[in-house]
Amino acid sequence: MNYIDPHIHMISRVTDDYHRMALSGCAAISEPAFWAGFDRGSVDGFRDYFRHLTEVEPKRAALYGIRHYSWLCINAKEAENVELSRGVIQMIPEFLDKPNVLGIGEIGLNKNTKNEATIFQEHVDLAMKTNELILIHTPHLEDKYKGTRMIIDMLKNDRRVNPERVLIDHVEEHTVRHALDNGFWCAMTLYPITKCTPQRAADIIEMVGTDRIMANSAGDWGKSDPLAVPELILELKRRGHPDSAIRKLVYENPLAFWRMSNRWQEWPVEETAPVKKKEKARV
Amino acid sequence: MSKQTTPLPANKALEQFFLEARCKLLDVAAILDRVNRGQEAGEVLANDPRIERIRKALEVMHDQSGGRAERIQQIFSLEYDSGWEKPKPRY
């Protein structure tokens, strides 16, 4: 089954991963801007990073037939440096005419501080001015519930925000309904130890259904699995879920969300059609 | 898919996941034993909040009313206060 991984940091992965993802049916990915493992010191450092996301990585992915999209921001960890954050936010529009940029992200909270909330709101302000989609990182572990509620508070507090154009990422059992019930899209991250296992993600799907929800690997330089989405596909198949429901989760939903991007260009029909339709067309 | 869809019947779910549950319970038990064994070399107090959270989570495991994963997530979560000072949007 073809799939989309809507959140993976390929800048920190080797080319072999692209190869294995292609072999596993990966049709497209999106790469949100994130923390590099250290705090960067200048706006120019981010400008170079955004060039990597919008120019280098799409070419590397294309060698394996994978479409590469990206999201731009300064992440929550570096948002404690408010002056640098404001400089980066001011620079982001330089890249908003790049064809593969889907929107602003992954913005969010990390330790739920005042500075993080300030910079989150200023990213939202930019997204509203430029009519961009928003991809949101929710905090890790003990901070997740509180941070997710705070993020939803800020979004609901801003009358310009249309929840249908916002995706709240890294949802788990205790946050998924807060995202969905408030009209947002959401995503589960299949990440060892600290987020969801494929089994728990399948459980969540059984509890909330497949509307406005997707799954990703969030593969990065930490212990993570770039083939986590195929692991979820296998888990759902083992439990007897129909292919149509699995395909909606791992392919149609991310595509439906991305299609709302300002710069979206449709893929050739044969790439987006379900397998059965392709087979019929050959007869 | 409509909500609350679980194609796997309970008896098959138990068959498929019994060994995995056994393995993970043994892992938790072994972790607690490991902490106990090291007490002489470096003490962990009985009122350490992490131990307290593990104890509360194990209590939830006994309760058969469902939603256990969500309730255990809440045990390991910081409290949320709806009155926090929100930044103002710039319209």
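Visitor: Taking contact to mean heavy atoms within 4.5 Å, how many residues of chain A are in contact with chain B in this predicted model?

Guide: The model is a predicted one, and the contact count is given for each side of the interface separately. On the side of chain B there are 29 residues in contact, and their counterparts in chain A number 38.

Visitor: How much area do chain A and chain B bury between them?

Guide: The size of an interface is often given as the accessible area lost when the parts come together. Here, 54% of the buried area lies on carbon and sulfur atoms. Within chain A, the residues that lose the most area to chain B are E142(A), H174(A) and E206(A), which together make up 18% of what that side buries. The area that chain A and chain B bury between them is about 3,100 Å².

Visitor: Which residue of chain B forms a salt bridge with R177(A)?

Guide: Side chains of opposite charge can pair when their charged atoms come close. Between chain A and chain B the count is 3 salt bridges. In the one formed by R177(A), the closest N and O atoms are 3.4 Å apart, and the partner is E70(B).

Visitor: How many charged residues are there on the side of chain A that touches chain B?

Guide: Across this interface, 12 residue pairs are in polar contact, with both residues at pLDDT 80 or more. The helices α4 (114–130), α5 (144–156), α7 (198–208) and α8 (228–238) of chain A each supply at least two residues of the side that touches chain B. The residues of that side of chain A divide into 9 nonpolar and 9 polar, while the charged ones number 20.

Visitor: Which residue meets D17(A) in a salt bridge?

Guide: The pairing joins two side chains with an N to O distance of 2.7 Å. Both members of the pair are buried, and D17(A) also belongs to the buried residues of α1(A). The partner of D17(A) is R13(A).

Visitor: In the salt bridge of R238(A) and E235(A), is E235(A) buried or exposed?

Guide: The closest N and O atoms of this pair are 3.7 Å apart, and the two residues, being 3 residues apart in helix α8 of chain A, are separated by about one helical turn. At 45% relative accessibility R238(A) counts as partly exposed. With the limit for burial at under 20%, E235(A), at 3% relative accessibility, counts as buried.

Visitor: Which residues are linked with E235(A) and R238(A) in a network of salt bridges?

Guide: Over all chains the count comes to 30 salt bridges, and E235(A) and R238(A) form one of them. E206(A), one of the residues of chain A that lose the most area to chain B, is also part of the network. The residues linked with E235(A) and R238(A) are D203(A), E206(A) and R239(A).

Definitions and conventions. Residues are numbered from 1 along each chain as its sequence is written. Chains are lettered from A and ligands numbered from 1 in the order in which they are written. This is a predicted model: local features need pLDDT of at least 70, side-chain atom pairs count only at pLDDT 80 or more; totals for chains, interfaces and linings use all residues. Side-chain values use heavy atoms; hydrogens and water are left out. Contact means heavy atoms within 4.5 Å. Buried area is the accessible area (1.4 Å probe) that two parts lose on being put together, summed over both. A salt bridge is a side-chain nitrogen of Lys or Arg within 4 Å of a carboxyl oxygen of Asp or Glu. A polar contact is a pair of N or O atoms within 3.5 Å; within protein, one must be able to donate a hydrogen and the other to accept it, and residues adjacent in sequence count only if both atoms are side-chain atoms. Helices (H or I, at least four residues) and strands (E, at least two) are DSSP runs, numbered from the N terminus. Ala, Val, Leu, Ile, Met, Phe, Trp, Tyr, Cys and Pro count as nonpolar, Asp, Glu, Lys and Arg as charged, and the others, Gly among them, as polar. Buried means under 20% relative accessible area, exposed over 50%, partly exposed in between (1.4 Å probe, protein chains only).
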